[in-house]
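Look at the aromatic rings first, then at the nonpolar cores. Keep the structure open as you read.

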Amino acid sequence: MNQQKANKMSVIGFTIIIAIGILLAGTRSIVEFITNYQWFNFNTYLDTFLVKIKTEIIILLPLTILLSTGLYIYLKKLKQRYYHVAHIFYNATADKIIHRMMMVFSIFTGFLTGLIISNSIWLKLRLFLSQQTFSIKDPIFDKDISFYIFKLPFYEQILVSLIVMTLFLAAITIAFFVILMSIRHTAENKIQDIHYVNPQQRLDQLLKNEIAKTAIKRIAYLGLIVLLLISFRYFLKGYELMYSTRGVAYGASYTDIHVTLIVYRILCAVTFVSSFIFCFALLKNKTKLAIAVPVTIISIALIGGIIALMVQQLIVEPDEISKEKEYLEYNIQHTQEAFALVDVKEEQYLVEQDLEWSDILENENTIKNIRINDARPLEQTYNQIQGIRLYYTFAGIDLDRYIIDDEYKQVFISARELNQEKLSDQAKTWINIHLKYTHGYGMVMSPVNEVTEEGQPKLLFKNIPPISDTSLIIKQPEIYFGELSDRYIIVNTKEDEFDYPSGSDNETTRYNGDAGLSLSGINRLLFSFRESSMKLFVSSVVHSDSKIILYRNIQQRIKTIAPFLEYDQNPYLVLNQDDGKLYWIIDAYTTSKYYPYSQMFSFKKKPVNYIRNSVKVVIDAYNGTTDYYIIDHEDPMITAYDEIFTDLFKDISDMPAGLRSHIKYPQDYFDLQTQVYRSYHVINPEVFYNGEDMWDIANEKYMDGVQPIESNYVMFKLPDSDIEEFALIVPYTPKEKANMTSLFVARNDNENYGKLYIYKLPKDKTIQGPMMIESRIDQDSTISPQFTLWGQEGSAVLRGNLIVVPVGDSILYVEPIYLQADNPNSLPEMKRVIVAYQETIVMEENLDLALRKIFNQKSVSLDIDIEGLSPEIKRLLQELTLLFNNSKDNMEEIENVLNRLNTLLEGN
């Protein structure tokens with residue numbers, strides 16, 4: 001008795017625990033829905049938030065009702081049929097428990113199945129309904145590409161779901177009959193009891209009676225449905241041959257079209273007919289005929305596979321180029337289309353290598369923007385000399401271009417973010433984390449081509465508060481949204497926020513922006529539950545006017561709003577020169593793996609064979625305002641998304657001009673295109689097949705190792721342009737060779753944004769590639785011993801990126817050299833610049849000296865003590881020196897500078 005009571009209490013306790021768990025999970029889901037609803041509504045993206053929910057509900061409700069009702073009726077009919085053939089007599093009262101169990105099981109199964117299906121299919125359904133034409137057709141079935149991108153994935157999802165549900169129903173049928181067959185009903189004194197027995201004891205006899213026949217009848221009908229669905233699956237598999245990997249290139253090959261496609265069509269027809277034969281055989285108890293159906297289907301599939309293998313090895317491979325030529329052409333064409341490489345403009349770049357000093361002067365802006373600093377050592381330097389406090393971090397260095405004092409300059413820029421992980425353990429209190437240390441402050445900017453005498457970057461923006469010797473101004477330096485911000489914060493509390501350090505004290509502030517959801521009324525309880533924080537609920541410093549700011553990490557923020565897009569891994573900070581505010585720009589991509597005949601590549605560890613950089617996302621670093629701008633309206637996928645999410649996207653023309661001038665062709669996207677174009681610049685299928693003109697991305701020595709050269713933003717004049725442009729460039733070499741064969745270039749500025757060029761270098765002469773220059777550096781009788789000497793003196797010699805700089809019809813090679821002392825706190829210092837041109841290679845303290853030595857030009861300097869002079873006077877003296885060094889004919893410019901300098905000196 002005590003044992004039974006203990007068991008009963010255990011069951012009750014377990015049931016209570018399960019109920020509490022379900023209640024808490026349900027409550028959390030409801031709270032998250034309410035708070036997310038408020039957040040999306042506040043950020044004007046409520047329709048985007050509701051699209052998924054509305055679509056899932058539209059799928060879930062009718063599907064749940066249909067599945068639950070259908071399953072309940074089905075099980076009820078099974079039970080009634082079983083009772084009838086088994087001659088079991090029962091009354092309604094005694095049978096209620098079974099009915100209730102069937103009802104609960106049916107509702108639970110129907111809801112769970114509907115939930116899984118609606119969650120997996122909702123976006124495919126919306127894309128199916130909003131499909132856009134590509135106006136490009138596949139070469140085999142003559143279907144628009146939209147069929148493969150929007151329709152085929154939806155059909156496959158529906159088909160797989162139906163097959164799984166039918167097989168699941170068959171399993172339920174078998175299990176249901178086994179359960180019913182394992183119980184015995186007796187009627188004594190008009191009270192019906194249920195006794196469980198070993199089902200194996202009655203299995204032999206039951207298989208021979210009407211009960212087994214009833215079960216088999218149900219299986220026959222379900223088998224009919226499954227085989228019909230499999231028949232349609234074979235029909236769709238014909239289209240899936242567009243993704244075949246059998247041949248020499250991705251997509252349907254000779255064997256796929258002439259054998260496999262025919263086999264699929266045969267299997268489709270045979271499976272369709274066999275479905276009825278299978279059903280008939282089971283109903284008529286013709287076991288051998290029923291078994292013959294799957295055996296026949298499997299045999300045809302095996303024979304078809306063997307035939308395909310034989311055709312591939314005996315017919316195709318001995319004459320592969322002839323047989324596969326047509327399909328290689330399809331692969332090349334569609335891969336170029338899918339990766340936006342069709343419109344690459346091909347030009348010849350003669351590389352005459354006939355530069356004179358006058359050409360250097362004529363391309364002054366190109367020379368002045370040659371990068372002699374590298375982002376990776378610069379990040380370490382920024383953190384050490386501009387971190388100010390331990391808790392400030394520069395999470396990355398970005399390249400951009402600005403109009404600074406009327407000059408178009410290429411610069412490094414980085415945000416000074418607050419890293420709460422670097423607060424001391426005793427400072428990591430709830431108030432400090434969520435109310436006090438809420439934001440970063442300002443940024444650092446430095447030109448790519450200038451360093452101090454100590455080899456450190458020359459800072460255009462520095463310190464806290466930010467100061468600058470340029471015309472640029474930051475009016476709102478606080479950074480509440482960034483790459484490191486990963487916790488919610490509460491603003492407008494009774495506690496002042498830490499703003500920035502000022503000497504031995506700290507300046508405080510209060511947030512005056514628009515971000516944040518009110519914590520008045522029930523919201524405080526809701527967000528306390530959401531964040532699992534009792535302190536948020538009971539804290540006396542939080543009041544009804546306080547606001548909670550969520551999703552401050554910019555990557556998390558954009559993925560929460562639009563998770564169906566892929567995002568660049570490198571957001572970059574922009575100072576809008578029109579309003580003096582800081583913004584983040586992130587590139588977003590539409591991708592697919594369903595483009596027919598397009599080669600599959602890896603992008604962010606995901607397989608893709610179609611991609612477009614169709615969206616630029618802008619986030620206000622202070623207010624968190626997030627805008628999605630469509631930059632490529634020719635992308636059918638973004639057009640479909642725009643139709644689905646009606647409140648999400650804006651046109652690129654709506655982007656403020658101060659931000660639009662800073663959009664860049666993204667490196668992630670360009671690097672992927674660069675990988676594709678290594679092979680797919682070849683349009684001749686025979687040359688492609690033989691690999692005669694395959695390229696490699698050039699290698700370089702970087703820091704203390706060897707790596708493929710990184711795509712670099714370089715400012716130079718394109719052959720068809722009269723002004724310098726901000727362009728992304730990467731050099732190619734022939735496969736497994738070191739000489740340079742071409743330059744791949746993406747333009748960035750104004751109406752030329754996104755235009756791709758391939759500059760092919762002459763094949764009748766050797767153009768030195770980066771590794772050939774690196775080898776010459778290692779072998780130079782002056783440079784190499786100096787490297788060795790520095791190493792013996794306890795300094796590590798670190799080599800920066802080797803920059804390939806087109807100038808006129810020639811190429812310069814520039815590589816910065818860093819020294820880093822052998823101690824934990826040392827910084828890499830840019831100490832030398834190597835310049836290579838023709839057969840000459842020199843290493844000097846700066847770029848100007850190196851170029852002058854290359855071209856045998858003397859340099860002069862003004863022997864003036866500049867200590868104590870104003871920044872403007874210093875700048876004018878430097879400008880005067882530069883003008884004099886550049887040309888003896890610049891007398892008018894020199895006179896203007898002298899007049900300005902005299903005016904300033906008289907003022908002093």
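## A buried pair of tyrosines

Tyr 349 and Tyr 759 are both buried. This is a predicted model. The two tyrosines form an edge-to-face aromatic pair.

Where do Tyr 349 and Tyr 759 sit in the chain? Tyr 349 is in the loop between β3 (345-348) and α10 (357-362). Tyr 759 belongs to strand β31 (residues 756-760). The pair links distant parts of the chain, 410 residues apart.

## A helix tied to a strand

Tyr 677 and Trp 695 also form an aromatic pair, and the pair is edge-to-face. The distance is 6.3 Å centre to centre, with 65 degrees between the planes. Tyr 677 lies in helix α19 (residues 667-680), while Trp 695 lies in strand β25 (residues 695-697), so the pair ties together parts 18 residues apart in sequence. Both Tyr 677 and Trp 695 are buried.

How many aromatic pairs does a search of the whole structure find? The count is 57. Some rings gather into a cluster. Tyr 677 and Trp 695 belong to one aromatic cluster, whose members also include Tyr 589, Phe 603, Tyr 665 and Phe 744.

Lys 143 lies over the face of Phe 147, at 4.9 Å from the ring centre. Lys 323 lies over the face of Tyr 254, at 5.9 Å from the ring centre.

## A glutamine in helix α19

Gln 673 is found in helix α19. Is Gln 673 buried or exposed? Its relative accessibility is 0%, so Gln 673 counts as buried. Leaving aside neighbours within four places in sequence, its contacts include Phe 339, Ala 340, Leu 341 and Leu 756. Tyr 665, Tyr 732 and Phe 744 are also among its contacts, and these three are members of the aromatic cluster.

In soluble globular proteins, nonpolar side chains tend to be buried together. Here the largest nonpolar core has 137 residues. Which residues touch the most other members? They are Met 445, Leu 565, Tyr 628, Phe 649 and Phe 744. Strand β19 (residues 582-592) gives the most to this core, with seven residues.

Take Phe 649 as an example. Not counting residues up to four places away in sequence, Phe 649 touches Leu 565, Tyr 628 and Asp 642, among others. A second, separate core has 55 residues, including Ala 727, Ile 777, Tyr 818 and Ile 854.

Conventions
Residues numbered from 1 in each chain as written. Predicted model: local features only at pLDDT ≥ 70, side-chain atom pairs only at ≥ 80, totals over all residues. Heavy atoms only, no water. Phe/Tyr/Trp six-rings, centres within 6.5 Å; stacked < 30°, edge-to-face > 60°. Helix = DSSP H or I, 4+ residues; strand = E, 2+ residues; numbered from the N terminus. Buried < 20%, exposed > 50% of the residue type's maximum accessible area, 1.4 Å probe, protein only. Lys NZ or Arg CZ within 6 Å of the ring centre and 35° of its normal. Contact = heavy atoms within 4.5 Å. Core = buried A, V, L, I, M, F, W, Y, C linked by side-chain atoms within 4.5 Å.
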